[in-house]
Amino acid sequence: MQSSRRHFLRGVATVVGTAGAARASAQHEHPTPAPPQPPRAPAGRPPTPIEAIGGPQILPGVAEVITPDVPKMPWRLENGVKVFDIAVEHVRTEFIPGRVVDAWGFNGSVPGPAIEVVEGDRVRFVVENRLPEPFSMHWHGLEVPNDMDGMPGISQDAIPPGGSFTYEFTLRQNGTFFYHSHMAMQEMMGLIGLFIIHPQRPHTPRVDRDFGIVLQEWAILPNNTVPNSLAMEFNWLTMNGKAGPATTPILVKRGERVRIRIVNLGMDHHPMHLHGHQFYVTGSEGGRIRTTAVEPANTVLVGVAQARDIEFVADNPGDWHFHCHLPHHMMNQMASMVGPLMMSHANMPRPGTAEAGMGIHEGAALGSAASPAFGRTIGLGAETDRLVANMPMSAVAGAAQGGPPSGMPNAGMFPGYPQDMFMVMDDLVTKPETYGLRRGWSGGTMGMMTIVRVLDPELFDKIQALKAAQGADGVPR
Ligand SMILES: [Cu+2]
């Protein structure tokens, strides 16, 4: 633990050393002060100068938060107030190439654009409801006046379709928060966005790069585009509105200190796991965690309605998965298969129909007719276990189609095998951020997964040049 904390605190001495005594004493006024005698940076590693903070800065020396695949919400200053216009509306979006979804979002984005502001700011949100039903906005975790809290019926009238409401308050906190609909069922249509508040004086050790990610889950039947907000089984898992491999990788330079902020608004908790590194959970939905309370981990459970900030030193070069570790959340289009598997005499308890496989069924929810649906039981229906005859690599399949058994000598040994979920689509999701990834990478990156790329400076700069050569719309100039 001692060495772990030393690892976490690496860089504190650097900040104090380069910024001088005045800043060092100022830090002791901070809610999460460094210990009186911070450990020195380990020998052999040159201290990261404070100027190394990457990308645009929102405050001097403070990295702006990067929200891959999601824009920032623009604002304008009116008499010292930061004013945001928010349209709540239907948004047609795409989880992966070809998978179009009719969701609800803010200002044309699902999740909504990230709000990035500073503690002490006075903010005003002019919210226009373009939905076909009432709406109310909640500022999750923020200590706002009661009539600004967005509880329909309790603190305000719901905003009718076509109506608008103005929220205004002063930000008294810092950390990772979010905004979302407080009308029943609307969260599961996509109505959530990041609300990041920087402290006026940065937490230490400072991070070189800062990222924000919204976790969402969706139930969308095959050949449908509208999420089923009633369902409790989900077949699409997204990070910032994209499912792997369409999630844009997180790019960092080797040796940088990195923060990733994660918020979750869905029906499941997500254990987010980072490969190749240990990190420290430095923030929750309630704000900054005291430095003396951080513990090493490589998986953090981000529960429903929670936020977690993690920080780590990206000292292990390579391309690393960062993902929810629930097995079904690492896949796309989790739905009952069409064809023999979902019909009678297949190997698994079968839903009978795609609708039943998504938990939509007729009759009583606990009736025997509903129980064979996928994911609900292995009881009723399990007696129908059979070898699967429709799998492409299955020996049974080959024989069943009148040909020789295919090339898998053990195919057919296990019911349901092979599952054959590896689908390579590198070219469909290529973008500057994927430059240099190993061929076939997209086959193993699905669902609630993205890639943290710890790059040497040359490759990092090369990718930045590729991005600069590309228009904002992704079309090469
Ligand atoms: Cu998950």
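Among contacts (heavy atoms within 4.5 Å) in the protein chain between residues at least 6 apart in sequence, 73% join residues at least 24 apart. The model is predicted: local features need pLDDT of at least 70, side-chain atom pairs count only at pLDDT 80 or more, and totals for chains, interfaces and linings use all residues. Residues are numbered from 1 along each chain as its sequence is written, and side-chain values use heavy atoms, with hydrogens and water left out.

The chain contains 5 helices and 24 strands; these are DSSP runs numbered from the N terminus, helices being H or I of at least four residues and strands E of at least two. Of its 477 residues, 51% are buried. Buried means under 20% relative accessible area, exposed over 50%, and partly exposed in between, with a 1.4 Å probe and protein chains only.

**Copper site**

His 270 (ND1), Cys 324 (SG) and His 329 (ND1) coordinate the copper ion at 2.0 Å. Donors are N, O and S atoms within 2.8 Å of the metal (3.2 Å for Na, K and Ca); water is not among the atoms, so sites may look incomplete. His 270 in strand β17 and Cys 324 in strand β23 are 54 residues apart. His 270 is buried at 0% relative accessibility, and Cys 324 is buried with a relative accessible area of 0%.

**Nonpolar cores**

A nonpolar core is a set of buried Ala, Val, Leu, Ile, Met, Phe, Trp, Tyr and Cys residues joined through side-chain atoms within 4.5 Å. The largest has 28 residues, and Phe 125, Trp 139, Phe 169 and Phe 195 have the most contacts inside it. Strands that each supply at least two residues of this core include β5 (81-94) and β12 (192-198). A second, separate core of 25 residues includes Ile 213, Ile 260, Ile 262 and Ala 297.

**Salt bridges**

A salt bridge is a side-chain nitrogen of Lys or Arg within 4 Å of a carboxyl oxygen of Asp or Glu.

| Pair | N to O distance |
|---|---|
| Glu 168 and Arg 124 | 2.6 Å |
| Glu 128 and Arg 130 | 3.2 Å |
| Arg 254 and Asp 456 | 3.2 Å |

Arg 254 and Asp 456 lie in loops and are 202 residues apart. Arg 254 is partly exposed, with a relative accessible area of 46%, and Asp 456 is partly exposed at 34%. Salt bridges that share partners join Arg 76, Glu 78, Asp 85, Arg 122, Arg 124 and Glu 168 into one network.
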